[in-house]
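My notes follow in the order of looking.

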Amino acid sequence: MTQVATPPAAGGTGDGEDRPVPPGHVRLTIDGITVDAPKGELVIRAAERIGIAIPRFCDHPLLDPVGACRQCLVEVEMGGRPMPKPQASCTQTVGDGMVVRTQVTSPVAEKAQRSNLEFLLLNHPLDCPICDKGGECPLQNQTLANGSATSRMHEAKRVFTKPVPVSTEILLDRERCVLCQRCTRFSDQIAGDRFIDLLERGSSQQIGINSDEPFQSYFSGNTIQICPVGALTSTAYRFRSRPFDLVSTGTVCEHCASGCALRTDHRTGVVMRRLAAPDPEVNEEWNCDKGRFGFGYLHEGDRLARPLVRDADGQLQPASWTDAMTAAAQGLARARDDGGVGVLTGGRLTVTDAYAYAKFARVALRTNDVDFRARRHSAEEASFLADRVAGVTPSTGGPTYADLEAAPAVLLVALEPEDESPILFLRLRKAARRGVPVFTVGAVESRGSRKLSATLLPALPGAEADLLADLTADARPVVAGAAAADRNRAGQLLRASGAVVLVGERAAETPGLLTAVGRLADATGARLAWVPRRAGERGALEAGALPGLLPGGRPVTDPAARAHVEQAWGVELPARPGRDTAAMIASVLARAERDERALGLVGPAPSPDLPRPAESPAADDRPAGHGAVGLVERVVETVAGSVSGAVHHLRDLVTGEHEDAAVAPGPQAPAEPGLAGLLLGGVELDDLPDPAAALAAVAATGFVVSLEIRASAVTALADVVLPVAAVTQKSGAFLDWEGRHRPFDAALPTPGVLDDGRVLDTLGVEMDVDLYTQTPVAARADMARAVPPAPAGGTSPGTAPGPADARRGPAGTAPRDGQGFVLVSWRTALDGGRLLDGEPHLAGTARPDVVRLSPRAAELLGVGDGAPVQVHGPSGGTVTLPLQVTAMVDEAVWLPGRIRATPLVALLGAGSGDRVRVRPAAGGEGL
Amino acid sequence: MSFLDPVKGFGVTFATMFKPVVTEDYPRNPEPTAPRWHGRHQLNRHPDGLEKCVGCELCAWACPADAIFVEGGDNTEEARYSPGERYGKNYQINYLRCIGCGLCVEACPTRSLTMTNEYELADDDRQRLIYTKDRLLAPLLPGMEQPPHPMRLGDEEKDYYVRGPELVRSRGAVRSEAQEQGAHVEPDGSVPPLDSPTGGLAEGVPPGAGTAGTVPRGVTPRADGR
């Protein structure tokens, strides 16, 4: 924290007086050294710059000054008159002609600091041997360095009950607290979650929470890290180790696309904790609780250690790498020649691993059927990503974290940053606190938007595109009312230079929205950035893990790009764009259905309005945290019951999106044999748009190879399972939402554990092709050969109008017909995902699942806050949750994207934008 | 070379037969060591059997040979091993590395770690020379109870550290506090009185008070000893 640097303006010693004071600066003397400091700078920072460290506890460069601990007292003389008492240098701003004497030269300051330390230790317990902060504690260090060796205090110390859990993850020890208020200031100023505050007065003053409101902030872990004593500790790290036990490695967070720098501390081969590492350009000094505490999955019991191969009896048996590679290579080669193999890569891979999949698909499997999107997606999205996102980095002029702070306005589309990219949220909040207006297009005024002071531009799912079209239009329709005023203001501000539009991955759920976003950016000149949820998506896009894109984000259909990659790879590339995730699954299911019919197992195709199969397992009877078991039971049912049913649902799903695309998926193209194999890398079926259909597809596929870290629903069904390295065991890089390269080293290099790139490289050798992805370094070099150097001077936004440009479907104009409410939903940050397994304390800080309705809708239904409300989905599924009345569009109902770790689509058969019925659980008229 | 030389030689042998023996009859009749001999370590117990070790790792920190490995654990109401919040869940001393310097004993803030006079630390198996907690813990003396069990000497850890000996006396328990520290047993086998300088703890004196290194550095010690 103590940064020591001499700025160019700050004259060292002697000659300082001769030069004129730079404009906007003042000249002062600190310990006899003349310093030029910008007006308004704090004395403690000016002293820091010339290498004088003044002790402090409450001062933090990213928090507002408060002067609470009084440890930084210095003697100050202004205009020749000494101030009567020592001043706190962390609140005192510099002044012209000021003379500061710190503890280095002033006995008065030295005595003041020494006495203050004695005062802070009055009630501090002698806990150091059992305190988690011991060994890295500023108070301990300070006392050791400057404190008195003896105590004059003979009275009993003040005692409190300890530790007090302020949330399931954070423990508070009030005896140790020195009331510096770093935690409360962080919660108030940075995170905006003011759950923790000072209580009482005088000697009973203490940090506390409202007993009804635990410290349920997504950012609570930061308070532990900035606590200068051991007053706040975490349940996860309680008594686990000492600083001298730990080996620290700089890593990058794998949980979202924010790209936080982390410090991973491990002991005896086990990760003990993770901390936010300072990176002023990205995460400053913060990270979110998910990144800090969500590493328990690394040490779960279901980690795969050995390759598994399905034997003649259909049982998965441990096998040697050699046997497993041979089996996988033979099976994939057979499936490739039989009908093709599709590649799904999840979205959590490093850039080089994603590149290995993209190259493996094209070189070894000779197909473009590769897609990283394990979520709702569309062809429109693919062309949006190709045209406007691929290749954009901070160095080519893409918007950055820092740009958000300077933007005249920020527009959020289909993005809930607090849940989907928490550090982006913190930066947006910092910007908003500095006066940057934030607009958010959506149906719900979430807590996150309130904390950003964001202006909600209300739009139901499906109608956002219209709203953006209004913002785009120069001559806006004159509509009276506050909403129109907001709209006009947003439209005006977005036309100012430097405005930023941030669009979330959920935009793909609404047809026409991404096109509208592109048009808006073109019309207003606003800069555009795409913010996916997962850490690997942005990198996979650059690596070419999309059916229509080659590495570097160039279209497969571009002969020049293809020729370049063909030259680099030395193979011929398939010219036709491949199938995306949904089309691959549909293709597999179509093939399975045809095979079944050929065998006479099923009759004619059932009518399309057949109820969807087997969404069955209710949230309650699902074993918590063990999706695999439940899913496998589900698959048996699904496969036996109705592959065809799933096909029909899929057909509905796919036809809407692909009828005019170049690809013609299975059901429409009888000439296509359908995929005979799947290569799955870290795909969680529950993430897919239709988990049941995906599960049926994996079960029905002829040959499945799964590269996984832990046993999952996919590995249970795969023919060959190859264990791969977790993020701590491999090196690599993620691209954050900016496109910034975030490289990291292996924190725990483990012999015998291979990353995806290495496994695929070996698998390629078995299939007689060379991928050159043995190591991340090699893969990176190979990728550089396949990707042309980025054009200097920025990208060309909106080059080729995407195919989706032509189609603004009817779905883009208005909410679909039907009764009931329009479902609005997104995945919250802590929703029981697989990467959050093994950390129950973190799960305890998740926000409670609620239904959100507008005050008017609640009134119509006759229910109040907290009353249980039932939501009925089209599949017949029902969700009952307590109501939280929220400012939102009257016609919308909000539900979390996953409820008790089960995706909403599996519970209700409906996703965001679908119509659902809502009724009070206590009985009564529904709507 | 005189013919008397063998006689002189045997004379030395014969004379030695009547002198006191300087060798020891080890292992049949081993001599006692010096009272402060640095032998095998021992993890002591409170008078009710709870462990004194709080798993703070200061011994491991102090160890110049990196011979000690400690992992702390969290005491719960269901399973309590020591008074207070923290206990030593995993404790290992590697006697292949230990140089017997005793810095760990000085570092111990709770007087949990002391050294016995046991010096027979040889084996033909490296693994067996890594002593685990079960081999290092002091034996249960009469009046002691195998942890985990609730605090028997009071409601708070303070009762153990400040008023422990007094509480034991009032309970009429054995003077185990002194006995468990083998180095303090007098050569004649007697145990010094509890409040003597070498024996048990005097009232109001914190464990290890007056011994350098027993109070964590950097923390102002309190005169009242808590």
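Predicted model: local features only at pLDDT ≥ 70, side-chain atom pairs only at ≥ 80, totals over all residues.

**Entry 1: around β3 of chain A**

I began with β3(A) and β4(A), residues 81–82. They run antiparallel and are joined by 2 bridges. Glu77(A) stands opposite Pro82(A) in β4(A). The two strands make a hairpin with 2 residues between them. I checked the turn: Gly79(A) has a positive phi of about 60 degrees.

I then followed β3(A), residues 73–78, to β5(A), residues 87–88. I found 2 bridges again, with the strands antiparallel. Val74(A) has Gln87(A) as its bridge partner in β5(A).

I also looked up β6(A), residues 99–101. It pairs with β3(A) in the antiparallel sense over 3 bridges. Here Glu77(A) turned up again, with Val99(A) in β6(A) as its bridge partner.

**Entry 2: two annotated domains**

I checked the UniProt annotations, both from an unreviewed entry. The record places "domain: 4Fe-4S His(Cys)3-ligated-type" at residues 108–147 of chain A. I looked at the secondary structure of that stretch: 55% helix and 0% strand. Its end C-alpha atoms are 15 Å apart.

The record also lists "domain: 4Fe-4S Mo/W bis-MGD-type" at residues 246–302 of chain A. Over residues 246–302 I noted 9% helix and 35% strand. The end C-alpha atoms of this stretch are 25 Å apart.

**Entry 3: the sheet of β12, β13 and β14**

I traced an open sheet of 3 strands in chain A, in the order β12-β13-β14, with antiparallel pairing. Which strands are at the edges? They are β12(A), residues 247–252, and β14(A), residues 270–276, and each pairs on one side only. Neighbouring strands here are turned by 30 degrees against each other on average, direction ignored.

I counted 6 bridges between β12(A) and β13(A), residues 261–267.

**Entry 4: the parallel sheet**

Next I turned to an open sheet of 5 strands in chain A. The order is β21-β20-β19-β22-β23, and the pairing is parallel. I marked β21(A), residues 455–458, and β23(A), residues 527–531, as the edge strands. The twist averages 20 degrees from one strand to the next.

I picked out β19(A), residues 410–413, and β22(A), residues 500–504. They pair in the parallel sense over 4 bridges. Leu412(A) stands opposite Leu502(A) in β22(A).

I asked what helix α15(A), residues 482–494, packs on. It packs on this sheet, touching β19, β20, β21 and β22 of chain A. The direction of α15(A) makes about 110 degrees with that of β21(A).

**Entry 5: chain A against chain B**

How much area do the two chains bury between them? I noted about 2600 Å², with 60% of it on carbon and sulfur atoms. The contact takes 33 residues from chain A and 26 residues from chain B.

I then went through the polar side. I noted 6 residue pairs in polar contact between the two chains, both residues at pLDDT 80 or more. Helix α3(A), residues 138–146, gives the most to the side of chain A that touches chain B, with 3 residues.

The salt bridges between chain A and chain B number 4. I looked at one of them: the side chains of Asp132(A) and Arg86(B) meet at 3.9 Å, N to O. Over all chains, the structure holds 77 salt bridges. Why does the pair of Asp132(A) and Arg86(B) join two chains? Asp132(A) lies in the loop between α2 and α3 of chain A, and Arg86(B) lies in strand β3 of chain B, so the pair links one chain to the other.

Technical notes. Residues numbered from 1 in each chain as written. Chains lettered and ligands numbered in written order. Heavy atoms only, no water. UniProt positions renumbered as here; feature names shortened; annotations may be inferred. Pairing = 2+ DSSP bridges. Axes fitted to C-alpha atoms, helices over the stretch in contact; angles between N-to-C directions. Contact = heavy atoms within 4.5 Å. Buried area = accessible area lost by both parts, 1.4 Å probe. Polar contact = N/O pair within 3.5 Å; in protein donor to acceptor, adjacent residues only side chain to side chain.
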